[in-house]
Structure formats: C-alpha cells, structure tokens
Amino acid sequence: MLEERGYIHQITDASGLDALAAQQVVPGYIGFDPTAPSLHVGHLVSIMMLRQLQRAGHKPIVIMGGGTGKIGDPSFKDEARKLMTADTIGENIASIKRVFERFLTFGDGPTDAIMVDNAEWLDKLEYIPFLRDVGQHFSINRMLSFDSVKMRLDREQSLSFLEFNYMILQAYDFLELSRRVGCRLQMGGSDQWGNIVNGVELARRIDGTQVFGLTTPLLTNADGTKMGKTVGGAVWLNEDQLSAFDYWQFWRNTADADVAIRLRLFTDLPMDEIARLAALEGAEINEAKKILANEATALCRGREAARAAAETARKTFEAGAATSADLPSLAVSNGMIGLVDALVQTTLAASKGEARRKIAEGAVRLDDQPVHDTAHEVAVGETPVKLSLGRKRHVLLQRD
C-alpha cells in the first residue's frame, strides 16, 4: 500500500520488512520536534504514512520531541535553531497533539496508535554512562560523511557540538522504543536517512535486534518549489493557525501536474478513483482539485469544515457573492487601516514592498473594485470590506 501510493523513497531492508509485516503487527514510529505551536503540510506525508500503516493493520507510534526539541535537528539547516525554553516546548507539544487525533485511532489495542515524549528517557540520561554505553558505537568519520552534516561544513557554516549530538539522541530513541514497546520501524523524510540508519545499527550493535528504516521522498511542486510554502507563509494544520477556508484553498489551488500525486498521498481515496480523477483534462481537472481539497480538509479539519469551506468558495468565486461569513477576517481598530498594512497583516502579502507591487500591478481589490493607490486608507464601517489579492485569495476586514 505504501509503495503503490508513493510514500517510499528508501528502505534499509525491503524484503526483511515485508517478511516481518506478514508475520506480526509492526509498530512503527515517526518523531516530531515541537518547534512551533502547529505542524504544517510539510509534516503531512509523515502523518499520512502513520495513518496508512494503521489502515494496513500495524501500530503507529507518535514521538513528541520534548527531549530532542531542546537541541533542534540540524539536518540540512543553514544555521542552528533558536533554543526554546522548557515552557515553550511544553506549550507547543500540547498544541500539536490535537491534530493527530484527526488522522489516527488511539487506544490500548494491538493496532491502536500511541503517543510518547522522548523527554521521558532523554532527560534522565547521565552523561558519562551515555558516552560509554552509546557513544562508543558512533564513528565521527562516518557522522561527518552524512550529507546533512557535510552541507553545513562545506559552506563553512558553524555546526555546534550540541547539534552534532542530535543524531546520536535520535538513534537512541529508536533503541529505547525497541526496548519499551517493541518498535521495529522508524520512518521519516528523506533528509532523515542518515539519522534513521544510525538507529537501525545501534539497535543491532547493542541489543542484537533487527529493526528497519524507511524514508519518504522530498515533496516539491511541479515548478520545483518546496511544497507547503506560500506567499503568506507555512500552511499550518491547526485551526487556530490557519482557517479551514485557507486550508481548503491551498489544496484547491494545486497545479494540474501535482493533482495525481497529492490525491495518492493526502487522501484515502481508492487508487482506481484516483486514476480516474488524474486522467481528467482541461476544465474538468478543476473537479479533481475540488475533490482533493474536500478530502484533504476533511481528514485534517473534519468533514463539516470541508463542506463549509467548499460552500464558501462556491459563493465567493462561482456565485459571485460579495462576502461570506466563513472567509478569514481581520479586525480593524477604529475602522481605518492602510491598504498596504492590511495586505501584510492578513498575510496576503509577505512584506510591505510586495504589497505595494501587487497594488501597482492591479492585483488588489476592495469589494471587487481594483485599487491602484499604495497610500489608500481603507474605511471599515458596520459592513465588512472584502480585500482580495488576485481571483482566489480573499479576507474580510471587519471593524473591531
């Protein structure tokens, strides 16, 4: 199932993993460091892979990085992450947890998902015993050869000793999970391959246990850009970070060339139905995009939220309605706001410079009327004002 839908990029031992899966329920885990109050669509392949693992009759394990989050994964990063306080990490974990309940069934059964925090064991480690028992199994020469490390060093960018320890801690997570809950599979993005292989080898060397690693391909849009990055920033999974309408619109705006792969990876639709939708051409491909938006939004935000977002889109774009209460909104103090500021605060533009360019290009409208004056002040009364960028992005300005 995973291979057919396009989730698999690399496996440490494909035949061995297949044989194990035929014999028993395979517990498999993915770790998520709490670097923000919400995960974003860049994490969604991993979440969906856990979902597909459970649908295939195996056991998903979600690891919250309460321990590793205190360091930050340096993989393919240009510079060190800013260190977070314990309070911030705790708050982020509490916020992130909610989204997994949409995708996974948690409980005490053999295939029910579980969630654990690696701070449970990492916070208790003693430095000298850890170096002696675990550190001896890691070769500095080999660690320096990993692409994630080489890239930083080749660019002569600093890699702290703190960050360098991250891959050892992640490998230790796998060993600990193997011992605690019989975990036999670690999954992650393709940038995690080196870290995952370290964990596979550590379990073999210390406990003699055969475990497996699997990575997903790096997802890019048809134009080569990283999936999930938009002009307005990350596409967040939590409702309080991004409205259901904007989330739905992200999927609805998928490029024609990306529809098939997104249907395979981000929906539960049967493969024959996906093949039918992927074969649509011309204007008909828009129907496939709406189905993608509906299904992806239903998984993350619920079926009712998906229905409401689709109806808002229909009213706004197809029926020509002036406003809809379900559109994202911005509260305007005292009923006045500069147009440039409104574009930035609503994230329709990433900066004031970009906002001015969009206005000059004629891409900005107020209540469907083009505005070309970058100094324009928007007056908001009892009736909300619809601010639009292009044909597909709309926000209501409401008096506070």
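**Close-up 1. Cys183 and the cysteines of the predicted model.** Cys183 is buried, with a relative accessible area of 0%; buried denotes under 20% relative accessible area, exposed over 50%, and partly exposed the range in between, for a 1.4 Å probe and protein chains only. Cys300 likewise counts as buried, at 1% relative accessibility. The structure holds zero disulfides, a disulfide being a pair of cysteine sulfur atoms within 2.5 Å. The model is predicted, so that local features need pLDDT of at least 70 and side-chain atom pairs count only at pLDDT 80 or more, whereas totals for chains, interfaces and linings use all residues. Residues are numbered from 1 along each chain as its sequence is written, and side-chain values use heavy atoms, with hydrogens and water left out.

Close-up 2. Six strands form an open sheet of mixed pairing in the order 1-6-5-2-3-4. Strands (E, at least two residues) and helices (H or I, at least four residues) are DSSP runs numbered from the N terminus, and two strands pair if DSSP finds at least two bridges between them. Strand 1 (10-11) and strand 4 (114-117) stand at the edges with a single partner strand each, so one side of each has no neighbour in the sheet. Strand 1 pairs with strand 6 in the antiparallel sense over two bridges, and Ile11 has Leu214 of strand 6 as its bridge partner.

**Close-up 3. Strand 5 and its partners.** Strand 5 (residues 185-189) is mostly covered, with five of its five residues buried. Strand 2 (residues 27-32) pairs with strand 5 in the parallel sense over two bridges; the bridge partner of Tyr29 in strand 5 is Gln186. Strand 5 and strand 6 run parallel and are joined by five bridges, and Gly188 has Thr215 of strand 6 as its bridge partner. From strand 5 the chain crosses through helix 11 (residues 193-207) to strand 6 in a right-handed β-α-β crossover. Right-handed means that, with the strands pointing away from the viewer, the path from the first strand over the helix to the second runs clockwise.

**Close-up 4. The surroundings of Thr215.** Thr215 lies in strand 6 (residues 212-216) and is buried, with a relative accessible area of 0%. Apart from neighbours within four places in sequence, Thr215 is in contact with Tyr7, Ile8, His9, Gln10, Gly188, Gly189, Ser190, Trp193 and Ile196, where contact means heavy atoms within 4.5 Å.

**Close-up 5. Leu44 and the nonpolar cores.** The largest nonpolar core has 59 residues, and Leu44, Phe100 and Trp251 have the most contacts inside it. Such a core is a set of buried Ala, Val, Leu, Ile, Met, Phe, Trp, Tyr and Cys residues joined through side-chain atoms within 4.5 Å. Leaving aside neighbours within four places in sequence, Leu44 is in contact with Phe103, Leu237, Tyr247, Trp251 and Phe266.

**Close-up 6. Helix 3.** Helix 3 (residues 44-55) has 12 residues and reaches 16 Å from its first C-alpha to its last, close to the 16 Å expected at 1.5 Å a residue; the expected span is 1.5 Å times one less than the number of residues. Of its 12 residues, 11 are buried, so helix 3 is largely enclosed by the rest of the structure. Just after helix 3, Gly57 takes a positive phi of about 95°.
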